[in-house]
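Biologist: Before we use any labels for this protein, I would like to hear what each one rests on. Please take me through them with the values.

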Amino acid sequence: MKKPLVGACFAALLIGATAAPATAVSNEAPAKPKAKAVNFAGTVALSNCSGSVVRVPDSKPGDPALVLSNGHCLESGFPGPGEVLVDKPSSRSFTLLNASGGNAGTVKASKIAYGTMTDTDISLYQLTSTYTQIESKYGIKALELNSARPEQGRAITVASGYWKKLYKCNVDGFAYRLKEGNWTWKDSVRYTPACKTIGGTSGSPVIDDETGKVVAVNNTGNESGEECTDNNPCEVDENGKVTVREGINYAQQTYWIVPCVAPGNKIDLSRSGCELPKPSAVK
């Protein structure tokens, strides 16, 4: 994991050219969608990690807002393998950032809506404020979770609210299984080397530069070349082959959160299409 730090930190536009006469042959390459200007708006700083205010495509303005971070950033400590938290009281505060990384204000949790480090590494806090209240008071809109799986090669930005730093790289590929210490995560996003994330960036939203939507949540990296140890995750393929990539960092995909969010932004693990791990009592 990108260790928590204690005590600090399709709206794409097409650029079109005027159509040529039917008799003319154009040698110009098709225009590429214009990238979004990714900044800090909507990101948050936790006491030890990063995060973001997020919504799913069907969230309503009057719904209580959600904050996304890592399971290993929970104030209660790392959930054990197989442990899933649902609807646990929390009064945690988050520093909300504006586009330039400045302090826009403070938002507060009412509960941990969901948290786990099994198969993925996520936490979702429900806030005491609605999206409308946050936008009205602070001028900040929530980031939207993409409902589709991220694509290899896409340009991405890891936006750390804790460090107020943007890391830019591409999706290098995917790890079938990513194993770190006692935890194993499925279908993790692997960054190209340019995203040299560090402790405190845990929980940062991974934003697709073209769509401006969140496709993953930053969570770990191999720091010293060890194999499958804490802070040194290894990749395990379908045949059990282990690969170690020293200095390479990873994130957990977020598209599979979307089917688990019911009307009113309630986490409902029984919804059709929801594949998030469930507490053992309701399996």
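Predicted model: local features only at pLDDT ≥ 70, side-chain atom pairs only at ≥ 80, totals over all residues.

Modeller: Residues are numbered from 1 along each chain as its sequence is written, and side-chain values use heavy atoms, with hydrogens and water left out.

Biologist: What makes up the secondary structure of the protein?

Modeller: The protein has one helix and 20 strands.

Biologist: Why is the link of Cys 49 and Cys 73 called a disulfide?

Modeller: A disulfide is a pair of cysteine sulfur atoms within 2.5 Å. The S to S distance from Cys 49 to Cys 73 is 2.1 Å, so the pair meets the rule. The angle about the S-S bond is -85°, and the link is left-handed. Cys 49 is in the loop between strand E3 (43-45) and strand E4 (50-55), and Cys 73 is in the loop between strand E5 (64-69) and strand E6 (84-89); the two are 24 residues apart and link distant parts of the chain.

Biologist: How do you know that Cys 49 and Cys 73 are buried?

Modeller: Buried means under 20% relative accessible area, exposed means over 50%, and partly exposed is in between (1.4 Å probe, protein chains only). Cys 49 has a relative accessible area of 0%, and Cys 73 is also at 0%, so both count as buried.

Biologist: How many disulfides does the rule give, and in what pattern?

Modeller: The count comes to four disulfides. With bonded cysteines counted along the chain, the pattern is 1-2, 3-4, 5-6, 7-8.

Biologist: What makes Cys 169 and Cys 195 a disulfide, and which parts does the pair tie together?

Modeller: Their sulfur atoms are 2.1 Å apart, and the link is left-handed with -95° about the S-S bond. Cys 169 lies in strand E12 (residues 165-180) and Cys 195 in the loop between strand E13 (183-191) and strand E14 (205-208), so the link ties together parts that are 26 residues apart in sequence. Cys 169 and Cys 195 are both buried.

Biologist: Why is the disulfide of Cys 260 and Cys 274 called right-handed?

Modeller: Because the torsion about its S-S bond is about 100°. The S to S distance of Cys 260 and Cys 274 is 2.0 Å. Both cysteines, Cys 260 and Cys 274, are buried.

Biologist: What makes a group of residues a nonpolar core, and which residues touch the most other members here?

Modeller: A nonpolar core is a set of buried Ala, Val, Leu, Ile, Met, Phe, Trp, Tyr and Cys residues joined through side-chain atoms within 4.5 Å. The largest one has 45 residues, and Leu 68, Phe 94 and Ile 134 touch the most other members. Elements that each supply at least two residues include strand E8 (103-116), strand E9 (122-130) and helix H1 (131-138). E8 gives the largest share of this core, five residues. In the protein as a whole, buried residues make up 51% of the 283 residues.

Biologist: Why is Asp 187 called partly exposed?

Modeller: Because its relative accessible area is 22%. Asp 187 lies in strand E13 and has a positive phi of about 55° although it is not a glycine.

Biologist: Where is Thr 229, and how far is Thr 229 from Lys 179?

Modeller: Thr 229 lies in the loop between E15 and E16. Thr 229 and Lys 179 are 50 residues apart in sequence and 8.0 Å apart in space, C-alpha to C-alpha. Thr 229 is partly exposed, because its relative accessible area is 27%.

How values were computed
Helix = DSSP H or I, 4+ residues; strand = E, 2+ residues; numbered from the N terminus.
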